[in-house]
Amino acid sequence: MKYEDGMIEMIKMNIMEQIEGIYLKATYPLLNTLRKVVVEVHHIGSSAFSDDFNTLDILFICKKNADIYDYQEILIADGYTPSKDKSPFFRNVLILSKEIDQILTQFIFISENDVRVKEILDLSNVMKKSKVLQDELKRLKLECASDYIDRKFKFYSDVKDIMLKGTVI
């Protein structure tokens, strides 16, 4: 490994440590507030497997969707804002955003009984393991298309179809 490669790896490790720090900083206050309704928390999205990202996505699995809506006004008063950029996949799911350490952090709240929970977690695990899929998502992001949300939804739908067929990626 050349010196430059070693420096790049050190920088990437530092970025991933920063992501972990932001993740912890983002989740602990919410877990304290939502401890009665949150069942699980997961770091999902591209920041979970890449240093090339612009948002941090955190999935909060709740006992019931109705429970989280009881807290929505409290969270908005604490500086969280409802997300405007929603994929069709996240229809009827509460997504709030807040900038934490200059990183846009999205908090996705979904019921533990929602069938999409398994899909989200399975997809996240596949993305973490597949360099090919990671590179394809990076390419999609770099194109910076105005229809990125729709194209990302299609990308994830295609990956889900591949997973259902049992194809190794």
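**Figure 1. What lines the largest pocket: 18 nonpolar, 11 polar and 8 charged residues.** Here Ala, Val, Leu, Ile, Met, Phe, Trp, Tyr, Cys and Pro count as nonpolar, Asp, Glu, Lys and Arg as charged, and the others, Gly among them, as polar. This is a predicted model, where local features need pLDDT of at least 70 and side-chain atom pairs count only at pLDDT 80 or more, while totals for chains, interfaces and linings use all residues. Residues are numbered from 1 along each chain as its sequence is written, and side-chain values use heavy atoms, with hydrogens and water left out. The largest pocket holds about 900 Å³ of space. Of its 37 lining residues, Asp57, Phe90, Gln106, Lys152 and Tyr156 sit closest to the centre. A pocket, on a 1 Å grid over the protein atoms alone, is an open set of points where a 1.4 Å probe fits, with protein on both sides within 12 Å along at least five of seven lines; lining residues have an atom within 4 Å of a point. Grid points are joined across faces, edges and corners, and the volume is the space filled by probe spheres set on the points. Helix 6 (148-165) gives the most to this lining, with 8 residues.

**Figure 2. The whole protein, with 6 helices and 5 strands.** Helices (H or I, at least four residues) and strands (E, at least two) are DSSP runs, numbered from the N terminus. Follow the sequence and you get the pattern α-β-β-α-α-β-β-β-α-α-α. Of the 169 residues, 41% count as buried, meaning under 20% relative accessible area; exposed is over 50%, and partly exposed is in between (1.4 Å probe, protein chains only).

**Figure 3. Strand 2 (residues 55-62), with 8 of its 8 residues buried.** That burial is why strand 2 is largely enclosed by the rest of the structure. Thr55, Asp57, Leu59 and Ile61 point one way, while Leu56, Ile58, Phe60 and Cys62 point the other. Strand 1 (residues 38-44) runs antiparallel to strand 2, joined by 6 bridges, and histidine 43 has isoleucine 58 as its bridge partner. Strand 5 (residues 103-111) pairs with strand 2 in the parallel sense over 8 bridges; there, phenylalanine 60 partners phenylalanine 109. Two strands pair if DSSP finds at least two bridges between them.

**Figure 4. The largest nonpolar core, with 22 residues.** A nonpolar core is a set of buried Ala, Val, Leu, Ile, Met, Phe, Trp, Tyr and Cys residues joined through side-chain atoms within 4.5 Å. Leu30, Leu34, Leu75, Phe107 and Phe109 have the most contacts inside this one. Helix 1 (3-34), strand 2, strand 4 (94-100) and strand 5 each supply at least two residues, and helix 1 gives the largest share, 6 residues. In soluble globular proteins, nonpolar side chains tend to be buried together. Leaving aside neighbours within four places in sequence, phenylalanine 107 is in contact (heavy atoms within 4.5 Å) with residues including Ala26, Leu30, Ile58, Phe60 and Tyr80. Another core of 11 residues lies apart from the largest one, with Ile44, Val93, Ile108 and Leu121 among them.

Figure 5. Asparagine 92 has 60% relative accessibility, so it counts as exposed.
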